[in-house]
Amino acid sequence: MAHETVAPWAEVVPGASYPMRADDLLMLPDDGTTYELVEGRLVKMPPSGVGASGMAITLAAALHGFVRGNKLGHVSGADGEYVLSRPDEPDTALAPDVAFVRADRMPSRDSTEWDRPWRQAPDLAAEITLPNQFRPEMAEKARIYLSAGTRLIWIIWPKYKQVDVWRHGADQPVQTLGIADSLDGLDVLPGFSYSVADLFT
């Protein structure tokens, strides 16, 4: 994958009119590609493949069941965009494979914002990496989430069967989990636990 400094985990789309806004993402054709914005520039990732997609659904289902059962908030999938930039900055809008926003931070279901990119950082973001993505570039993406206020990030590495755990205030992963470990919701989702081994089977 050819990378640009603005988004080393993705490819900048040439020829797009810049700066773009998060609402412009809603007008893009559904071509099977995941698009994000970084500092107003459109970037794209290739499709994740069936295995990674299934892993995202598995994790989202586990989180959704826990969150809905305890009325804690909202879980979104890979089409859910979050605007992480401040109002006076060009839009940065990322679409984690799975995310959680607690109930007191959600927009109203009756609001116009509900069906648009949410202008806030998720409390939890999970990213499932592609085979041609590497730790330094995904670390840059994790830091964007953290600087916007995301409190817990799971960077999932299918090729290593590992999960890097990032926490608010840290500049590096605070832990790397293996198949003998479990994902822990910590203070973001107290009581949530999911086996890393189950994630990869």
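Lys-141 lies in helix α2; helices (H or I, at least four residues) and strands (E, at least two) are DSSP runs, numbered from the N terminus. The model is predicted, so local features need pLDDT of at least 70 and side-chain atom pairs count only at pLDDT 80 or more, while totals for chains, interfaces and linings use all residues. Residues are numbered from 1 along each chain as its sequence is written, and side-chain values use heavy atoms, with hydrogens and water left out.

Lys-141 is buried, at 3% relative accessibility (buried is under 20% relative accessible area, exposed over 50%, partly exposed in between, with a 1.4 Å probe and protein chains only). Apart from neighbours within four places in sequence, Lys-141 is in contact (heavy atoms within 4.5 Å) with Trp-9, Glu-36, Leu-94 and Glu-127.

## The sheet and its helices

An open sheet of six strands has the order β4-β7-β8-β9-β10-β11, with mixed pairing; two strands pair if DSSP finds at least two bridges between them. Because β4 (73–76) and β11 (175–177) each have a single partner strand, they stand at the edges and one side of each is left without a neighbour in the sheet. Direction ignored, neighbouring strands are turned by 15 degrees against each other on average. Axes are lines fitted to C-alpha atoms, for helices over the stretch in contact, and angles run from 0 to 180 degrees between N-to-C directions.

Strands β8 (residues 124–128) and β9 (residues 152–157) run parallel and are joined by five bridges. Ile-128 has Ile-156 in β9 as its bridge partner. Helix α1 (residues 50–69) packs on the sheet and touches β4, β7 (98–102), β8 and β9, its direction making about 170 degrees with that of β4. Helix α2 (residues 135–148) lies across β8, β9, β10 (162–167) and β11, at about 35 degrees to β10.

## Salt bridges

The structure holds 15 salt bridges, each a side-chain nitrogen of Lys or Arg within 4 Å of a carboxyl oxygen of Asp or Glu. In one of them, Arg-119 pairs with Asp-91, with the closest N and O atoms 3.1 Å apart. Arg-119 is partly exposed at 40%, whereas Asp-91 is buried at 2%.

Arg-151 forms a salt bridge with Asp-123 at 3.8 Å between the closest N and O atoms. Arg-151 lies in the loop between α2 and β9 and Asp-123 in the loop between β7 and β8, so the pair ties together parts 28 residues apart in sequence. Arg-151 also meets Asp-187 in a salt bridge (3.6 Å, N to O). A network of salt bridges links Arg-102, Asp-104, Arg-105, Asp-123, Arg-151, Arg-167 and Asp-187.
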